[in-house]
Amino acid sequence: MPRSRHWLTAVPLAVYGCAGSFPQSTLHPRSDFAAEIQQLFTGIFWWALAVFAVVETLLLVAIIRFRKSERGPPPKPTHGHTLLEIGWTLAPAVILVFVAVPTVRTIFATAGEAPRQALQVEVIGHQWWWEYRYPDLGIVTAGEMHVPVGKPVQVSITSADVIHSFWAPALGGKRDAIAGHVNRIAFRADSVGDYLGQCVEFCGASHANMRLRVLVDADTSFQAWVKTEQGGPAAPPAGSAAERGKAVFSRSACIGCHTIQGVSPGVIGPNLTHVGSRATIASGVFPNDSAHLASWIADAPSLKPGAIMTRMKPPLTDADIAALVAYLQSLK
Amino acid sequence: MSHVAASAAPAAFAFPATPRPRGLKSWVTTTDHKRIGLLYFWTAFCFFLLGGLEALVIRLQLAQPDGHLVSAATYNQLFTMHGTTMIFLALMPLSASFFNYIVPLQIGARDVAFPRLNAFSYWVFLLGGLFLNASWLVGPLFHAGSLSVAPDAGWFGYANLTERQFSPGPNIDFWVLGLQILGISSLAAGFNFIVTILNMRAPGMKMMRLPTFSWMTLVTQFLVITAFPVITVALVFLMFDRFFGAHFYVVQAGATPILWQHLFWLFGHPEVYILILPAMGIVSEVLPTFARKPLFGYTVVVYSGVLIGFMGWGVWSHHMFAVGLGPIGDSVFAATTMLIAVPTGVKIFNWIATLWGGAIRGTTALHFAVGFIAMFIIGGLSGVSHASPPADLQQTDTYYVVAHIHYVLFGGTVQGLFAGIYYWWPKMTGRLLDERLGKLHFWLTFIGMNLTFFPMHLIGLLGMPRRIYTYGPELGVGALNLTSTIGALLIGVSVLVFIGNLLRTRKRGAIAPNDPWGGATLEWSIPSPPPVYNFSVIPTVENRLPRWKTELHEPITDPPAVPPAPIHVPGGSWWPLVAALGLPVLALAPLTHTLWLAFLGAAILLFGVYRWAFEPFEM
Amino acid sequence: MTHATSMGLDSRKMAFWAFIGSECLLFTSLISTYLVYKGKSVVGPYPHDVLNIPFTSVSTFDLLMSSLMMVLALAAVQRGDMTWAKIWLFSTALLGLVFLGGQVIEFTEFVHKGLTLQTNLFGCTFFVLTGTHGAHVSVGVLWLLTLWVRALQGKLGPANAMTVEITGLYWHFVDVVWIVIFTVVYLIQ
Ligand code: HEA
Ligand code: HEA
Ligand code: CUA
Ligand SMILES: [Cu+2]
């Protein structure tokens with residue numbers, strides 16, 4: 001869709017919340033949690049619109065009707081009117097009851113408690129990437145979170161450093177990731193898809209680049225994903241570039257920060273055991289292709305301001321990096 | 001209903017005993033509330049331009065997806081300094097310029113209760129503002145590898161990002177120390193104006209005869225003196241963490257960074273009412289004057305202002321709905337927050353009722369006052385949608401909030417202040433601002449602000465977070481952002497028109513009579529600008545609209561142009577400035593890790609205070 | 001000040017009451033933080049390892065006595081008895097100094113026992129809370145000594161009773177705050 005049309009569609013979209021190509025929109029709920037909020041917001045929106053219409057109309061009428069007619073009779077000095085004033089104290093209060101009651105209902109309905117059998121996912125915010133752990137499945141991954149469609153999911157959110165906030169609008173509201181605290185949200189996604197989100201609490205230099213995606217998979221593909229993730233890393237074929245890459249990896253600083261199952265134990269950066277199976281790297285900012293991987297390894301901070309991953313070239317050479325890229329891509 | 005015809009003769013302030021002082025020294029040492037008011041105005045206006053310029057760079061960066069006008073680091077400094085500057089260095093002191101200039105005139109006083117403390121407040125504000133903004137230029141002194149080391153953690157500087165571990169540079173030091181300095185200025189002014197309003201009223205000026213603007217000033221000052229200590233404590237903790245290795249916000253030590261959020265918003269929410277109440281006071285003065293009708297429901301407007309002040313203390317956690325306070329806490333804070341809509345609504349309805357049945361003169365001041373009401377409603381209603389915690393979980397930290405804050409702060413406070421400027425400028429300078437340029441200014445502002453801030457509602461709902469220096473084209477918000485940027489440039493043009501108006505009318509503007517508008521309050525009974533002693537004879541007030549004829553009473557007679565007896569006017573003083581100078585020097589000590597500066601700063605401060613305390617200064 | 005004021009209360013006194021109101025919020029924030037972080041320290045020393053209640057009780061008594069001296073000083077100034085005014089003013093300041101000395105001893109002892117600002121949350125909250133109070137006492141002592149010197153110079157008399165009264169207001173306030181701190185920090189462990 002050409003960009004100019006977005007503007008035209010945005011207005012009715014905001015009002016009706018119907019579908020469009022806004023992958024991070026709050027108006028296109030794709031889970032029970034998001035739908036509850038959407039419904040609540042729609043109600044508040046109509047009340048607000050009504051108040052807006054009435055009050056602004058009164059204001060407009062007042063200023064148009066009572067513009068000074070030259071040399072007209074002086075206005076009557078009214079100082080107040082008790083009944084009127086009681087009226088316009090009560091009316092908003094009554095309207096607010098209609099806002100407050102569904103609000104409280106929704107607060108309790110979306111308090112973050114999923115049924116016991118729900119899929120458990122732990123989300124840990126890091127400067128500036130997301131780590132996902134599936135304690136029951138023994139999976140650790142980064143950047144992209146997979147969940148099955150139609151099944152309840154319980155997300156527990158915390159942080160390893162500063163405060164972040166986990167948000168995938170299509171699936172529901174955000175919760176802050178705070179070290180030493182665990183926040184919980186619960187949802188049941190209702191359609192398969194690839195949903196964008198990002199960190200929404202300012203967390204330093206690359207806050208803007210702390211994006212994320214949630215992949216809602218059909219049941220079978222979710223099971224397949226779980227299976228690959230649970231397996232060890234693919235062994236690179238002998239003599240291949242990937243095997244050379246593994247050697248480079250094992251003798252470089254990489255091992256200090258990254259885990260590859262059976263190869264290295266680092267925990268400062270994302271777990272790379274299955275990095276080849278991700279669509280994006282660096283927390284959803286770049287596509288996972290050879291070019292981006294290579295320049296990322298060469299000099300991450302120049303791609304992502306402030307990135308904790310230091311510049312690797314030098315000591316690495318272009319050949320080393322090409323081998324590393326081949327290796328990482330083989331880690332499906 | 002009529003008003004007193006403006007007395008034709010311009011001021012006869014040439015009373016021999018009290019010549020109008022001249023020269024730089026007279027400004028630096030001034031203790032005259034009117035001059036301090038003007039100093040506040042010009043200083044704050046410059047900071048407003050600076051904050052606006054920062055906003056324009058922000059807007060240019062965001063005009064398109066993947067913008068690269070400025071770096072991430074610079075952008076983070078820009079929005080932090082934009083918010084901090086606008087709130088602490090532009091809007092609060094612009095309100096202060098009216099507290100200073102107008103309140104003593106409205107209550108029939110010769111000056112504020114403590115003129116030298118008043119000068120001290122101003123100098124501390126100026127020095128604090130310069131200290132904070134020095135961070136833009138002094139990077140090399142800190143070997144920072146960049147020119148600017150401006151604060152970069154947002155105007156609410158959430159711990160633990162602000163800890164030394166995550167923000168090692170001097171950036172946050174500037175912020176912490178600068179805010180501490182500014183807090184002292186606000187507190188000093190707070191005590192001063194509380195006493196002035198309670199204690200310096202002209203005979204007969206009972207509290208319920210106090211003009212609404214003075215009332216709102218009083219409420220504001222109570223909020224200032226109660227809210228600022230809380231942020232002071234929060235900042236002291238942060239200072240100890242950063243400079244002395246304490247652990248107030250360090251998770252590993254068992255502390256929680258959420259403590260900061262509670263302390264900050266306990267201050268921060270009252271702070272937003274500190275920003276809006278003076279503007280509400282201005283609107284409550286402007287509407288009656290130009291509708292030629294008393295404020296509808298004066299008592300209710302006053303009490304609702306007081307109520308807003310009180311209720312403002314019970315809602316702070318609505319900034320923390322995503323923190324996870326539990327459903328009960330969320331429900332309670334949702335309810336208290338929504339309740340604030342009631343007293344605020346009451347004000348809106350009373351203002352409309354004031355206009356209703358009036359004989360409205362469409363001056364620029366009235367335009368801005370009506371613009372205030374129209375825009376504040378939008379900001380208030382988006383506020384109510386934030387007040388619903390589940391809804392806010394989708395809104396918080398997105399541009400939807402940015403839309404809310406600018407509708408209340410720009411649509412509300414800034415427009416209210418502009419109304420005040422057009423209304424009181426003739427009193428303050430003796431020249432009327434040009435009405436044609438004024439209307440142009442208004443319409444450009446009005447259109448510009450809606451073009452800038454309305455799309456932000458949609459941008460936010462479509463998922464764009466705030467405080468990001470860049471966003472991807474896939475979000476689909478590029479066109480909306482471009483619209484917003486164009487709007488911001490339009491606001492820029494409107495500000496230029498305003499500056500043009502200020503400069504043009506300095507020499508060429510129509511001479512203002514005592515009372516160009518037919519106002520009901522005392523400031524209009526004296527020359528424009530008023531003589532140093534304000535009132536040749538302190539008036540005795542018998543009702544709430546002293547200068548109007550109503551069904552109940554006749555207008556009072558204005559004080560004579562020439563004082564019947566000599567009036568003693570206190571001279572100036574150097575010591576407030578000297579004492580104020582001690583504070584930035586003190587602040588330099590931790591900033592540069594230089595102990596002797598601490599002693600020097602304390603010595604200057606003490607020296608200033610002692611000389612001040614023992615200098616003969618009679619009012 | 002000879003001016004008639006709208007509320008019939010001296011302006012400086014009114015300003016001071018406003019100041020004290022503001023200070024109340026300052027100390028409330030500090031004390032609340034102390035309470036919120038109570039028992040949250042992850043390493044020692046803990047309050048019961050270091051706090052010496054008998055010693056601090058003496059300090060507290062000392063500060064209470066200084067308040068009494070302050071009352072006497074004000075009364076003396078008001079009746080124009082400058083000899084006693086000098087004595088009581090000086091005694092008030094002296095007792096304030098003794099209190100500060102006690103605090104110095106206490107702080108050094110704590111540091112020897114391994115409690116510093118950097119040790120744990122108890123250290124942070126304790127030192128900042130009592131330190132802020134100590135800073136208030138220091139300002140008070142400086143102020144009292146200034147009045148005392150003025151009295152020695154013969155520049156303080158019944159005409160300045162309001163100044164002394166305000167000083168007293170401050171001093172009593174600082175004293176009351178200490179009572180609260182003493183109760184919260186020392187007595188209710
Ligand atoms: C001038 C400043 C100002 C004012 C007056 C207000 C007024 C209000 N604000 Fe706003 N607010 C800010 C400045 C202000 N705010 C700022 C700066 C922030 C962001 C801080 C940051 O994060 O950087 C913020 C953020 C903020 C949040 C947190 C959002 C978030 O971060 O997620 C919330 C949540 O409840 C909120 C609510 C409100 C409410 C309910 C009001 C109410 O007082 C509004 C009441 C007014 C009306 C409702 C309109 C008139 C009423 C009627 C016509 C009557 C009829 C109405 C009804 C029946 C509804 N505000
Ligand atoms: C207090 C009042 C206040 C005011 C008046 C404004 C005014 C403006 N604000 Fe501000 N804003 C805040 C308070 C305010 N803001 C706060 C508290 C934040 C949050 C900060 C944070 O997150 O920490 C914020 C954040 C904020 C953001 C979000 C940044 C982010 O989250 O990344 C944006 C983005 O567009 C913005 C824009 C603007 C614009 C375009 C104006 C305009 O209205 C400015 C208009 C003024 C001018 C344009 C004057 C300059 C004119 C000249 C110098 C003449 C030359 C000009 C030309 C030739 C064009 N503001
Ligand atoms: Cu992480 Cu913002
Ligand atoms: Cu608030």
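How many Å apart are the copper ion (ligand 4) and the iron atom of ligand 1? They are 4.6 Å apart.

This is a predicted model, where local features need pLDDT of at least 70, side-chain atom pairs count only at pLDDT 80 or more, and totals for chains, interfaces and linings use all residues. Residues are numbered from 1 along each chain as its sequence is written, chains are lettered from A and ligands numbered from 1 in written order, and side-chain values use heavy atoms, without hydrogens and water.

**Stop 1: the copper ion**

Select ligand 4. His269(B) (ND1), His318(B) (NE2) and His319(B) (NE2) coordinate the copper ion at 1.8 to 2.1 Å. Donors are N, O and S atoms within 2.8 Å of the metal (3.2 Å for Na, K and Ca); water is not among the atoms, so sites may look incomplete. Along the chain, the donors are spaced H-x48-H-H.

Now colour by accessibility. His318(B) counts as buried because its relative accessibility is 12%. His319(B), at 27%, counts as partly exposed. Buried means under 20% relative accessible area, exposed over 50%, and partly exposed in between (1.4 Å probe, protein chains only).

**Stop 2: ligand 2**

Select ligand 2 next. Its surroundings hold 35 residues, each with a heavy atom within 4 Å of it. Tyr75(B), His82(B), Trp155(B), His406(B) and Arg467(B) are the closest. Look for these polar contacts (pairs of N or O atoms within 3.5 Å):

- A side-chain N or O atom of Tyr75(B) is 2.5 Å from an oxygen atom of ligand 2.
- A polar backbone atom of Trp155(B) is 2.8 Å from an oxygen atom of ligand 2.
- A polar side-chain atom of His406(B) is 2.7 Å from a nitrogen atom of ligand 2.

Terms used:
Polar contact = N/O pair within 3.5 Å; in protein donor to acceptor, adjacent residues only side chain to side chain.
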